[in-house]
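Let's take a friendly walk through a structure, from whole chains down to single residues. Have a look at the sequence and the 3D view, and then read on.

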Amino acid sequence: MKKYIALSFLMVLVALSGFAGGATEQGQGPVLIGMQGPITGAWAYEGQMAKQSCEIAAMLINQKGGILGGRQIQIVAEDDAGEPKTGALAATKMTGHKGVAASVSTYGSSICEPASNIYEKAKMVNIGYGVTAVRLTERGLKYFFRTCGRDDSQGLFFAEYVPQKFKARRIAIMHDNTAFGKGLAENTRDALKSLLDAGKVDIVYYDAVTPGEKDFRVPLTKMRETRPEVWYYTGYYAEAALLVTQAREIGITSPFVGGNAAINDEFIKIAGLEVAEGCYMTNEPLPGDLPSAQAAEFLKAYKDKYGEIPSSPWPVYAADAVNVIAHAIDKTGSTDGTVLADYLRDKVDGVQGITGQIGFTGKGDREGVPFYLYVVDGQGRIVISK
Amino acid sequence: MSAHLPVSLAAGLRRAGLPLVLALFAVYPFAAGAYFVDVGFFFGIYALLGLSLNIVLGEVGLYDLGHAGFYAIGAYTTAILNTRFGIPVLLLLPVSALAAGLFAYLVTSPVIHLRGDYLCIVTIGMGEIVRLALINNPFGLTGGPNGVYGIAAPSLGFWVLDSSREHYFLVWIVVGLAILALRRLQRSRIGRAWNCIREDEVAAQATGIDVRRHKLLAFVLGAVLAGVAGNLYAGKLMVVSPESFTFWESCLMFCIVLIGGMGSVPGVVIGAAAISLFPEIFRPFATYRMVVFGLAMILMMMFRPGGFWPRRRGGLEARDLLARLWRRHD
Amino acid sequence: MRVFLEQLINGLTIGSFYGLIALGYSMVYGVLKLINFAHGDFFALGSYLGYTLLVFASAVLTTHLGPWTGMLAAMAVAALSLALVGVLVERAAYRPIYPAGRLPAVVSALGASIIIQNLIMIVWGPRYQAYPASAIPNLRLEVGAFGFTALQLAILGISFALMAGLYFLIQKTTWGAAVRATALDRDTAALMGINFSRVIRFIFTLGPALGALTGVMVGMYYRQISFTMGWSYGLKAFTATILGGIGNIPGAMFGGLILGVVEMLASAYVSTAWKDVFVFLILILVLIFRPTGLFGEKVAEKV
C-alpha cells in the first residue's frame with residue numbers, strides 16, 4: 001500500500017521536474033549557445049577548462065557589442081561526465097532546451113559518438129573540440145563539425161618528423177587501450193607504413209598498458225629488452241608520468257615522445273622536473289604559443305579571471321567553436337540549425353579564430369591543423385623544440 | 001500499515017494501486033520532455049537488468065557480481081550482427097538473448113558447483129574477462145575501446161522506432177512481459193525449487209531437487225534477460241562500447257536487487273528506480289552527490305535490509321537496529 | 001635469465017602490496033564473511049594521510065630528519081589514523097547491519113566505499129597528487145648486474161618483514177589463534193571464552209592499519225596517488241583472498257604474492273594488454289581444480 005504511494009509519488013516528482021526542465025523565451029533575449037563536456041568525472045579537469053573558455057569567448061564577443069544587433073551570447077552548459085550514456089542524455093537535454101542555437105560538444109570521441117547522432121536527428125549544429133577519432137567525420141553527418149585535429153594528422157606528423165629527428169630506426173609504440181590512445185597508436189603505425197616497407201624503421205614494441213594502474217615495470221622491462229631508439233606513448237598524462245619515471249629507473253635511456261594528451265603541467269608535477277626535462281610531445285600549438293592577436297586577447301581575459309591560461313589545447317578549440325558559431329549566426333541572421341550547418345560547411349571563410357583561420361572541410365573536419373614537436377625545458381616549461 | 005486507514009479505504013486503494021501506476025507509466029512520456037523520457041528509458045533498462053539478476057541472486061541466492069558480462073554479450077551480439085550483416089535489430093532480440101544464454105551455459109557449467117563466495121569471485125572474473133576481451137578487439141570483431149557504432153534503430157517493417165517515446169514504450173512493454181513471465185516462474189515448481197535451494201541447499205538436494213541443473217537454469221535465464229536488455233540498449237544508443245559494461249555496473253545491479261528486495265519483482269523495479277533516478281534527483285548536492293548516494297545505501301540497509309518491497313516481511317524494525325547499534329556483541 | 005630475475009622482483013613487489021592489502025581483507029572476511037569493499041579505500045586514505053603529513057612537515061623532514069624518517073613517520077601516522085577510522089566505520093556502517101545478513105552488509109560496504117572515496121575527492125581534490133619529490137630517498141644501488149633504488153629494496157624488505165611478522169602473529173600468538181578460531185567457528189570460539197567484540201576490534205584496527213601502511217609505501221614508490229586508487233587494488237586483494245582460500249588468513253598473503261607473479265608472467269611473456277584476462281583465467285582454473293582455494297581447508301559442511 002505505502003509502496004504504491006511511494007512509487008507514484010516518485011514518478012510524479014520526476015514528471016514534475018520534467019515540466020520544470022527547460023523552456024526559455026525567445027526573440028529578443030540573449031542568444032543561447034550550448035556547451036557539453038565532462039564537467040564532472042574522470043576528465044573534469046578538461047571539461048571545466050573548456051566551459052570556462054567558452055564563457056570567456058562569449059564574454060569577449062559581448063563586450064564588443066554582441067551579435068545580431070546587440071544581442072548577448074549566453075552559454076548553456078550540460079555535464080556529460082565523460083561517459084557515453086550520460087553524453088547521450090546530455091545531448092537530448094540540450095536539444096530539448098528551447099532557444100539553444102548550436103552546441104559546442106564535446107571532449108572524448110566515444111562520448112561524442114552517440115551525442116552527435118542525437119544532435120543530428122534534432123538538426124542542431126554540434127562542434128567537437130576534443131574529439132580526434134577519425135571515424136567521427138566518416139559517418140556522413142551534416143550537423144557535426146570539429147575545430148580540433150584528427151588522430152591521423154598527428155600520426156602522420158610523428159612518422160614524418162620524429163624518426164628522422166632522432167635518427168631512430170627502432171621505434172616502440174605504447175598505448176593504453178582507450179579509444180583515443182589506441183586510435184592514435186594505430187594511426188601512427190599506419191602512417192609509418194611506408195617507412196616500414198622501405199626498411200627504414202622497425203616497430204620493435206607495440207602493446208598496451210592498463211590505465212589506472214601504477215606499476216609498469218614489467219612491460220617497461222620487456223620494452224627495454226627490445227632496445228628502442230625512440231619511444232612513443234599515446235595515452236594520458238597520469239600514466240605517462242609514471243611510465244617515464246619508472247623507465248628511467250630501470251635504465252631506459254631512449255627519448256620519450258608523448259602524444260598530445262601525455263604532457264602537461266600535471267605530468268611535470270608528478271614526474272618531477274628531473275625526469276620530465278627532455279621529454280618530447282607531438283601536439284597542436286599550445287595556447288601560449290598561438291601567434292594570433294585573438295589568442296593574446298583571449299589568454300589575457302582568461303588569465304585575468306582564472307589566474308592562469310588553459311594548460312591543454314582543447315579548451316581553446318572550444319572557445320573557437322563559440323567564435324565560429326557566433327560568426328555564423330551573425331552572418332546568416334538565423335539560429336536555425338540547417339541554415340547554420342550549410343553556412344559552416346560551404347560558406348564560412350577567413351574567420352580568424354584564436355587557433356588561426358577557421359574553416360571546415362566537406363566532411364566537417366577543421367582545415368589545416370598544424371602540429372609541432374614540443375619539449376620540456378630545464379625550467380619546466382613546455383616549449384617548441386627546435 | 002493498514003491500521004492507519006479504514007479497512008475499506010485501504011482495500012480500495014490497493015485495488016486502484018496497480019492501474020494507477022500503469023496509468024502513470026503510460027502518461028509520463030507525454031507529459032515530460034525528451035530528456036526525462038530518456039531517463040525513463042534507462043530506468044526501464046535497469047529494471048530489466050535488475051529482474052535478470054534477481055533470478056540468480058534473489059531467487060536462488062547465488063552471488064553474481066559479473067552480470068554486466070551477459071548484458072555486454074547481448075548488446076555486442078546485436079551490434080556486430082546488425083552492422084556487419086544488416087540483420088534488423090528487433091529480430092536480433094531473441095538472437096542476442098540466446099547468445100547471452102548460451103555463453104552463460106558454457107562458462108558457468110564448469111564452475112556451478114563452487115560454494116558461494118568462490119562462485120562470486122569467478123563471476124567477477126568472468127565479467128572482467130568479457131570486458132577486457134571487448135577492449136582488446138580480438139579478430140577485429142568488437143571495435144576495441146571505441147566499440148561498435150552505426151547500429152540501426154529497431155524497426156517493424158517501415159515503422160522505425162527512433163524517438164525517445166517509442167524506445168520508452170518498447171522497453172516498458174518488454175519489462176511488463178518479463179514481469180508476467182517471472183511471476184509465473186516464481187509460482188511454478190522451478191521457482192519453488194530455486195527458493196528452496198536458496199534457503200538450504202543441502203536440504204533441497206536431499207528432497208530430490210537437481211540442484212546443479214536448477215542453478216544452471218537460473219544463470220542461463222538471467223543471462224537471457226540481460227541479453228534482451230543489451231539488445232534494447234544497443235538499439236537506443238546506436239553505439240556500444242566496453243565502458244558501459246564495467247564491474248561497477250555489476251555492482252549497481254547487485255544493489256538494485258538488494259535495495260529493492262531479493263526475490264521481489266516489484267521491489268526490483270523500485271530498486272531500479274532508486275539507482276537510476278536518485279543520482280539525477282541528487283544533482284543539487286553537486287560534488288556531494290555520490291556521498292549522499294553512498295549514505296543512502298547504508299541507511300537503506302540499516303532500516304530496511306529486506307529492501308523497499310521485501311518478498312516476505314523479513315526486515316528488522318528500526319528500533320531494534322538502533323538498540324543494537326551501540327550494544328556490545330554477545 | 002637476468003631479465004627474468006628482474007621481472008620476478010617486480011612481480012614480487014606488486015604481489016607483496018596485494019598480499020598486505022589482502023591480509024586486511026581476509027581477516028574481516030574470514031571472521032565476518034563480509035566483503036569489505038571499503039578496505040581498498042582505507043588503503044587509499046592511508047596513502048593520502050601520509051601525503052598530507054609529508055607535504056606539511058616537508059621542511060622539517062627534509063632538512064632536519066631526512067626522507068627515511070619522513071617515510072616512517074608517515075607510515076606511523078597513517079596506520080594509527082586508519083586504525084581509528086576502521087573501528088569507526090565498523091561501528092557505524094557494519095555493526096548495525098550484521099543481524100540482517102551477509103548481503104545487506106555487502107551493499108553497506110559498497111556504500112561505505114563510495115562515501116570514503118568521494119570524501120577523499122572532496123577534501124584533496126579530483127586531480128592526481130604526488131608525494132613530494134623531496135620526501136623520496138634518492139639512493140641508487142648496484143647489486144651485481146642489477147641496478148635498484150634503495151627505496152625499492154627498502155619497500156620489499158619492509159613488506160616481507162611485515163608479512164613474516166603477521167604470519168607469526170596469526171599462526172603463533174593467542175591473538176592470532178583467537179582470530180583464526182572465530183573465523184573457523186564463531187559460536188564454538190565464543191564458548192571457548194573468546195570475546196567476539198575484541199576480535200572485531202582487533203581485525204578492524206590491524207587490517208586498516210596494514211592497508212594504510214601499504215598505502216604510504218605505494219605512495220612513496222609510485223609517487224602518484226588518486227582518489228580512485230583503492231578500487232583496483234581492492235579487487236585484486238579480494239581475488240588474492242579467494243585464491244588463498246577463505247578463512248586461511250596467511251593464505252591471502254601468499255595469494256597476493258602469487259597473484260603478483262602470475263600477473264608479471266602474463267604481462268612479460270604473453271601480452272600486457274591481455275594480462276588481467278590471463279590472471280582471471282588462471283584463478284578460475286585453480287578454483288575448478290581446488291574449489292576451496294590454494295590453501296583452503298576442506299571443511300566438512302554440517303547438514
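Helices and strands are DSSP runs numbered from the N terminus; a helix (H or I) needs at least four residues and a strand (E) at least two. This is a predicted model, in which local features need pLDDT of at least 70 and side-chain atom pairs count only at pLDDT 80 or more, while totals for chains, interfaces and linings use all residues. Residues are numbered from 1 along each chain as its sequence is written, and chains are lettered from A and ligands numbered from 1 in the order in which they are written.

Chain A has 14 helices and 14 strands. Its radius of gyration is 22 Å, close to the 21 Å that the globule rule gives for 386 residues, so chain A is as compact as a globular protein of that length. The radius is taken over C-alpha atoms, and the rule is 2.2 Å times the number of residues to the power 0.38.

Chain C contains 11 helices and 4 strands. Here the radius of gyration is 19 Å, close to the 19 Å from the globule rule for 303 residues, so chain C is also as compact as a globular protein of its length.

The table needs two more terms. A residue is buried if 20 or more other C-beta atoms lie within 10 Å of its own, exposed if 12 or fewer do, and partly exposed in between, with C-beta atoms placed from the backbone. Two residues are in contact if their C-beta atoms, placed from the backbone, lie within 7 Å.

| Property | Chain and value |
|---|---|
| C-alpha box along the principal axes | chain A: roughly 65 × 65 × 40 Å |
| C-alpha box along the principal axes | chain C: roughly 60 × 45 × 35 Å |
| Buried residues | chain A: 57% of 386 residues |
| Buried residues | chain C: 56% of 303 residues |
| Contacts at least 24 apart, among those at least 6 apart in sequence | chain C: 77% |

For chain A, residues 24 or more positions apart account for 70% of the contacts with a separation of 6 or more.

## Two domains in chain A

How is chain A divided into domains? The assignment gives domain 1 (22-149 + 290-358) and domain 2 (152-283); such bounds come from an automatic or database domain assignment. The C-alpha centres of the two domains of chain A lie 31 Å apart. Where they meet, 9 residues of domain 1 are in contact with 11 residues of domain 2. The domain 1 side of this meeting place divides into 3 nonpolar, 6 polar and no charged residues. In this count, Ala, Val, Leu, Ile, Met, Phe, Trp, Tyr, Cys and Pro are nonpolar, Asp, Glu, Lys and Arg are charged, and the others, Gly among them, are polar.

## Where chain C meets chain B

In this interface, 39 residues of chain C are in contact with 36 residues of chain B. Helices H4 (102-124), H8 (196-222), H9 (229-244) and H11 (275-289) of chain C each supply at least two residues of the chain C side. Which helix gives the most to that side? H4(C) does, with 12 residues. The chain C side divides into 30 nonpolar, 6 polar and 3 charged residues.

Helix H5 of chain B (residues 116-136) has 21 residues and reaches 30 Å from its first C-alpha to its last, close to the 30 Å expected at 1.5 Å a residue. The expected span is 1.5 Å times one less than the number of residues. Because 16 of its 21 residues are buried, H5(B) is largely enclosed by the rest of the structure. Just after H5(B), B:Asn137 takes a positive phi of about 55°.

B:Met253 is found in helix H10 (residues 247-260) of chain B. Is B:Met253 buried or exposed? B:Met253 is buried, with 30 other C-beta atoms within 10 Å. Leaving out residues up to four places away in sequence, B:Met253 touches B:Leu49, B:Gly50, B:Leu53 and B:His67.

B:Met238 sits in the loop between helix H9 (211-237) and strand S4 (239-240) of chain B. Its phi is near 65°, a positive value in a residue other than glycine. B:Met238 counts as buried because it has 22 C-beta neighbours inside 10 Å.

## Two loops in chain A

A:Thr106 lies in the loop between strand S3 (100-105) and helix H4 (109-121) of chain A. The peptide bond from A:Ser105 to A:Thr106 is cis, with omega near -5°.

A:Ala81 belongs to the loop between strand S2 (73-79) and helix H3 (84-96) of chain A. A:Ala81 has a phi near 55°, a positive value in a residue other than glycine. With 20 other C-beta atoms within 10 Å, A:Ala81 is buried.
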